[in-house]
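The exercises below ask you to read a protein model step by step. Try each task with the structure in view before reading its solution.

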Amino acid sequence: MFRRLTVLALVLGVVGFVVGQDKKPGDAPDKKDKGKMTPEALVQSILDRMDKNKDGKISRDEAQGQIKENFDKIDLNKDGFLDKEELLKMARAVLANGGGPGKGPGPGPGGFGVGAANPYDFDALDKNADGRLTREELKGTRFYDLFDLIDTNKDGKIDPKEWEAFVKKDKEKK
């Protein structure tokens with residue numbers, strides 16, 4: 001059950017990531033199409049973004065973000081690749097359970113957003129799933145004004161180590 005929920009959460013995050021990446025800055029959301037992505041379209045969108053060598057599957061090296069982090073859970077046949085069938089099974093399950101852009105467990109794209117059960121959830125705040133938090137990703141949260149304090153190496157991005165150090169200190173204050 002836990003594994004299934006983990007995979008479901010992962011796919012919801014991927015849906016949000018992929019759909020969010022397909023829009024160009026300044027594009028208005030298309031309200032009539034919101035939430036109507038088909039499993040096949042979702043899989044094709046993922047493959048278009050990650051399948052660099054265009055062989056119809058995603059290797060571990062090609063995988064990005066949460067897909068890379070959870071590669072072994074997604075690779076159901078354990079062949080070292082994520083093929084269309086593996087991605088399609090997950091996409092069907094997610095969309096059948098009401099998943100999709102802005103749907104699923106919790107607010108935000110793919111069900112991951114600010115206000116989710118754990119406000120310190122790095123992955124929920126990392127909207128583009130690149131493993132770093134930007135000032136833009138923290139807009140609308142209490143962490144936005146603390147960005148410079150959290151970004152200890154001053155590279156303009158908050159990595160997981162910086163985030164964990166901040167969370168530890170912040171929880172000690174409470």
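**Exercise 1. Describe how the charged end of Lys57 is placed relative to the ring of Phe81.**

Solution.
Step 1. The charged end of Lys57 lies over the Phe81 ring, 4.3 Å from the ring centre. A charge sits over a ring if NZ of Lys or CZ of Arg is within 6 Å of the ring centre and within 35 degrees of the ring normal.
Step 2. Note what kind of model this is: it is predicted, so local features need pLDDT of at least 70 and side-chain atom pairs count only at pLDDT 80 or more, while totals for chains, interfaces and linings use all residues. Residues are numbered from 1 along each chain as its sequence is written, and side-chain values use heavy atoms, with hydrogens and water left out.
Step 3. Phe81 belongs to strand S2, residues 81–83. Helices (H or I, at least four residues) and strands (E, at least two) are DSSP runs, numbered from the N terminus.
Step 4. Phe81 is partly exposed because its relative accessibility is 28%. The classes are buried (under 20% relative accessible area), exposed (over 50%) and partly exposed (in between), with a 1.4 Å probe and protein chains only.
Step 5. Beyond four places in sequence, Phe81 has contacts (heavy atoms within 4.5 Å) with Lys57, Ile58, Ser59, Phe71, Asp75 and Glu86.

**Exercise 2. Which side chain of opposite charge is nearest to Glu86, and how far away is it?**

Solution.
Step 1. Glu86 is found in helix H5.
Step 2. Lys and Arg count as positive and Asp and Glu as negative; His and the chain ends are not counted.
Step 3. The nearest side chain of opposite charge is Lys78, 7.4 Å away. A salt bridge needs a side-chain nitrogen of Lys or Arg within 4 Å of a carboxyl oxygen of Asp or Glu. Glu86 is buried and has no salt bridge.
Step 4. Leaving out residues up to four places away in sequence, Glu86 touches Ile74, Asp75, Leu76, Asn77 and Phe81.

**Exercise 3. How many residues has the largest nonpolar core, and which of them have the most contacts inside it?**

Solution.
Step 1. A nonpolar core is a set of buried Ala, Val, Leu, Ile, Met, Phe, Trp, Tyr and Cys residues joined through side-chain atoms within 4.5 Å. In soluble globular proteins, nonpolar side chains tend to be buried together.
Step 2. The largest such core has 14 residues, and those with the most contacts inside it are Ile46, Ile58, Ile67, Ile74, Leu82 and Leu87.
Step 3. At least two residues of this core come from each of helix H2 (39–50), helix H4 (71–74) and helix H5 (84–96). H2 gives the most, with five residues.
Step 4. Another core, of 12 residues, lies apart from this one; Tyr120, Leu133, Phe147 and Trp163 are among its members.

**Exercise 4. Which residues form one aromatic cluster?**

Solution.
Step 1. Rings of Phe, Tyr and Trp (its six-membered ring) pair if their centres lie within 6.5 Å; planes under 30 degrees apart count as stacked, over 60 as edge-to-face and the rest as tilted. The count by this rule is five aromatic pairs.
Step 2. The ring centres of Tyr120 and Phe143 are 6.0 Å apart and their planes are at 45 degrees, so the pair is tilted.
Step 3. For Phe143 and Trp163 the centres are 4.9 Å apart and the planes are at 80 degrees, so this pair is edge-to-face. Phe143 lies in the loop between H6 and H7 and Trp163 in helix H8 (residues 160–173), so the pair ties together parts 20 residues apart in sequence.
Step 4. Both Phe143 and Trp163 are buried.
Step 5. The cluster consists of Tyr120, Phe122, Phe143, Trp163 and Phe166.

**Exercise 5. Where in the chain do Arg142 and Asp170 lie?**

Solution.
Step 1. Arg142 and Asp170 form a salt bridge, with the closest N and O atoms 2.3 Å apart.
Step 2. Arg142 is in the loop between H6 and H7 and Asp170 is in helix H8, so the pair ties together parts 28 residues apart in sequence.
Step 3. Arg142 is partly exposed because its relative accessibility is 42%. Asp170, at 7% relative accessible area, is buried.
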